[in-house]
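Good morning, and thank you for coming.

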Amino acid sequence: MSFKERYVRTLEQVAACCEAAGRDPREVRVLAVSKTVGCDDVAAAIAAGAQDFGENRPDMLKEKADAFPRVAWHFIGNVQSRRLPDIVSHATLIHSLYQNTHFGKCNAAAEAVGKVQDILLEVNVSGEQSKSGLSPDEVPQALDHCMSLAHLRVRGLMTMAPQGDRAVARECFERLAHMRDDLRAGMEFQKAEAFNELSMGMSEDWHEAVGAGATIVRIGRALFDDGFEELHA
Ligand SMILES: *Cc1c(COP(=O)(O)O)cnc(C)c1O
């Protein structure tokens with residue numbers, strides 16, 4: 001199967017999932033996670049209609065965003081302070097911000113290039129040691145901090161679910177959705193308007209995420225890896 005076939009089929013499946021959940025398919029963006037592929041595959045993906053791409057390393061983000069400036073590049077990887085200027089220069093949306101020391105640095109990097117940086121706060125909903133992100137009780141304070149910075153715009157929350165159990169993943173996604181709704185209810189109108197994104201769900205669990213309210217699903221292998229389907233059928 002070609003990327004295009006996998007992509008079209010994925011979009012159809014996302015639409016079907018939305019319908020089953022009583023949601024409008026236009027609420028969900030499919031982010032093509034291109035971190036394991038080169039520029040040829042990205043070019044094919046753009047030709048197939050993909051508009052949003054995710055990278056987890058600043059150097060690859062820069063390389064691909066420079067090569068393909070007309071599509072949106074999202075940063076979904078581990079943030080390091082010294083790489084923030086590079087990330088901010090190229091990322092439409094940073095999904096993986098959560099460390100206190102990074103908020104001010106991200107704001108300064110955005111100010112330096114004259115932009116307002118859209119960000120998501122990463123939340124470790126499940127509390128797994130291996131996962132990064134804010135613990136749920138740290139989110140309100142981090143959110144207040146980010147919202148006080150003029151060059152950051154907080155667009156929502158991001159999480160990664162534990163792997164291997166779809167029911168556990170579903171619960172994790174539902175908790176993130178509730179968290180977003182609760183936080184939103186306490187915001188002034190303009191901030192609440194912008195704070196509407198839920199980045200959750202990957203190749204193996206995006207169905208659960210869409211059912212729970214995801215607005216961005218981050219899909220790598222199911223789009224770019226021809227062997228994925230057979231493995232997970
Ligand atoms: C790699 C990655 C993805 C995509 O994972 P797949 O299982 O290949 O779909 C999504 N989100 C993050 C943060 C990633 O690092």
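Predicted model: local features only at pLDDT ≥ 70, side-chain atom pairs only at ≥ 80, totals over all residues.

**Thr-215 and its surroundings**

A polar atom in the side chain of Thr-215 lies 2.8 Å from the backbone nitrogen of Leu-198. I call such a pair a polar contact, meaning a pair of N or O atoms within 3.5 Å; within protein, one must be able to donate a hydrogen and the other to accept it, and residues adjacent in sequence count only if both atoms are side-chain atoms.

Residues are numbered from 1 along each chain as its sequence is written, and side-chain values use heavy atoms, with hydrogens and water left out.

Where does Thr-215 sit? Its place is the loop between α9 (206-212) and β8 (216-219). Helices (H or I, at least four residues) and strands (E, at least two) are DSSP runs, numbered from the N terminus. Thr-215 counts as buried because its relative accessibility is 10%; buried means under 20% relative accessible area, exposed over 50%, and partly exposed in between (1.4 Å probe, protein chains only). Beyond its neighbours within four places in sequence, Thr-215 is in contact, that is, has heavy atoms within 4.5 Å, with Arg-23, Glu-27, Val-28, Arg-29, Asn-196, Glu-197 and Leu-198.

**The chain as a whole**

Let me now step back to the protein chain. The chain has 11 helices and eight strands. Its C-alpha atoms fill a box of roughly 45 × 40 × 35 Å, taken along the principal axes. The radius of gyration of the chain is 17 Å, which agrees with the value near 17 Å for a compact globule of 233 residues. That radius is taken over C-alpha atoms, and the globule rule is 2.2 Å times the number of residues to the power 0.38.

Of the 233 residues, 51% count as buried. Among contacts with a separation of 6 or more, 57% come from residues 24 or more positions apart. The accessible surface of the chain is about 11,100 Å², and 48% of it belongs to carbon and sulfur atoms. Accessible areas come from the Shrake-Rupley method with a 1.4 Å probe; for residues, only the protein chains shown count as cover.

**The ligand**

Which residues are around the ligand? They are Val-33, Lys-35, Ile-76, Met-160, Met-202, Ser-203, Arg-218, Ile-219, Gly-220 and Arg-221, where a residue is near a molecule or strand if one of its heavy atoms lies within 4 Å of it. By class, this shell has five nonpolar, two polar and three charged residues. Ala, Val, Leu, Ile, Met, Phe, Trp, Tyr, Cys and Pro count as nonpolar, Asp, Glu, Lys and Arg as charged, and the others, Gly among them, as polar.

An N or O atom in the side chain of Lys-35 is 2.7 Å from an oxygen atom of the ligand. A nitrogen atom of the ligand lies 2.8 Å from a polar side-chain atom of Arg-218. For Gly-220, a polar backbone atom is 2.8 Å from an oxygen atom of the ligand. The ligand exposes 390 Å² when taken alone, and the protein buries 91% of that.

**Residues that touch the ligand shell**

Lys-64 is in helix α3 (residues 58-67) and is buried, with a relative accessible area of 0%. Not counting residues up to four places away in sequence, Lys-64 touches Ser-34, Lys-35, Val-37, Cys-39, Val-42, Glu-55 and Trp-73.

Thr-159 lies in the loop between β6 (152-158) and α7 (166-185). With 0% relative accessibility, Thr-159 counts as buried. The side chain of Thr-159 reaches the backbone oxygen of Val-123 at 2.6 Å. Apart from its neighbours within four places in sequence, Thr-159 is in contact with residues including Val-125, Cys-172, Met-200 and Arg-218.

Leaving aside its neighbours within four places in sequence, Leu-143 is in contact with Leu-121, Val-154, Leu-183, Met-187 and Phe-195.
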